[in-house]
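This report looks at the aromatic rings and the ligand site of the structure shown below. Please keep the sequence at hand while reading.

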Amino acid sequence: MNFFASAIIFFLFFLNGNLSFAQKTNNGAIYSGVSWFDDRGEIVRAHGANILKDNGRYYLFGEAHSDTSNAFAGFNCYSSQDLYTWKFESVALPVQLSSKLGANRVGERVKVMRCPETGEYIMFLHADTLTYKDQFVDYATSKNITGPYTFQGALLFNGNPIHKWDMGTFQDTDGLGYVLTHGGDIYKLSDDYKSVVEAVNKNMTSGFEAPTLFRKDSIYYFIGSHLSSWERNDNYYFTATSLKGPWISRGLVAPENKLTWDCQSTFVLPIQGSKETTYLFMGDRWSYPKQASAATYVWQPLSVDGFSISMPNYQDAWSIDTVTGVVSTAKAGDKTIENTDKKFVTFSGKWKHVKYNSFSVYSSYEKDASCSVKFKGTRIGFYALSGSEGGYASVVLRNSLGKTVASCLVDMYCKYSFPSLKFISPILPKDNYNLVVSVTGERGNWTDKKKIIYGSTGYFIPIGNFIIKN
Ligand code: DGJ
């Protein structure tokens, strides 16, 4: 073999073995309830998030989290052109050496706005102790959208900090900025966004965590959740024609008992296109304690009609044209591989084949029992039946060289039975792949500060069918 042939073979080996992540940058749709992989092939970690559009690009800010504790792990920043594929930009605000955001403190619900008066980017957040007993709304500033942000401490109103936990932000069409807190309080910011000048709305309701506000024409919509720790609940909303109110309670965002399609609100992004404005509802499907590896996002188009908003159906995948604002349905794969198809799918350990309505699943709770799918193509995904006894599955996808090209944990817990897409790989170079889904014998459960127990009561991994993209 001559030198050039060896060099080409080495290059191809390098490409395949190390994955060209440039090829992973088109995810082709917005997926809910699955891990997303960024341009580095790492799980996108951006919870309690918001999105800011700047110079034609979308910037996503969110909590990084870890799998070991609830301590602040930094706020990440990603960017995207299409809202499908995310480039990791920076740890916009890392764990501080000391202060309210030092080690073993809580840092949550990061929201960034650009102050029109100064051009500065102002990041708002909730800082606290690990037991949530020292609540502050704080802020940080940066000249660049991706940071680094400088932590400035408490946001002051008449010289006093705001002792509230869940918070959000809203920028009105006139450029005025507002901070929202649980309970539905709305605070108007000063011209430089660095202090509060007026309490615009007070004591609207009790609870109302994860406050999220947006406007369509002359109507304001204010969404929040009940208080149930990391467990999801039926989020609800109010409307008004002035931020001062009166705020009128309008009911639930999604059908009752669907727990907002198993997520908690964090932000609504209006995507103003040349043909339509689409309202992107962004929610978190928490997964305590494995928030870094298994918490996912539920992003759905919100239908807004007069004083009413709704998400009547859950969509595993959908597309948005960010130029026109037009939404369409999306197809995750080209063909289905049934979980009974022995040509592709093999199970090891104890599995039981059961049917839930017409949904066929192979289910196991035996630690290390596994399911393997061998296929040729560019992408694989699978459906599963989440339920109250669902555990964590480990998912590892390897290429023909045996190199891991995607891995994550999948949380099969949901308070109700919910058949849905639970994993989708990035789009990869065409190759022979092996997907292995194993039972970890672990589950997401936790207690809150009142020692109430939440989460899964079992370790079940109920796997449905697979989808492949050629
Ligand atoms: C629900 C809140 O919305 C989250 O931000 C977080 O504070 C959890 N509670 C903690 O239990």
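The model is predicted, so local features need pLDDT of at least 70 and side-chain atom pairs pLDDT 80 or more, while totals for chains, interfaces and linings use all residues. Residues are numbered from 1 along each chain as its sequence is written, and side-chain values use heavy atoms, without hydrogens and water.

Across the whole structure, 31 aromatic pairs are found. One of them joins Trp36 and Trp299 edge-to-face, at 4.7 Å centre to centre and 80 degrees between the planes, and both of these residues are buried. Ring pairs also link Phe208, Phe222, Tyr236, Phe238 and Trp247 into a cluster.

The ligand is surrounded by Glu108, Arg109, Tyr132, Asp166, Glu209, Ser229, Trp230 and Gln264, each with a heavy atom within 4 Å of it.

| Side chain | Distance to a ligand oxygen atom |
|---|---|
| Arg109 | 3.0 Å |
| Asp166 | 2.4 Å |
| Gln264 | 2.8 Å |

Taken alone the ligand exposes 290 Å², of which the protein buries 92%, with areas from the Shrake-Rupley method and a 1.4 Å probe.

Technical notes. A polar contact is a pair of N or O atoms within 3.5 Å; within protein, one must be able to donate a hydrogen and the other to accept it, and residues adjacent in sequence count only if both atoms are side-chain atoms. Rings of Phe, Tyr and Trp (its six-membered ring) pair if their centres lie within 6.5 Å; planes under 30 degrees apart count as stacked, over 60 as edge-to-face and the rest as tilted. Buried means under 20% relative accessible area, exposed over 50%, partly exposed in between (1.4 Å probe, protein chains only).
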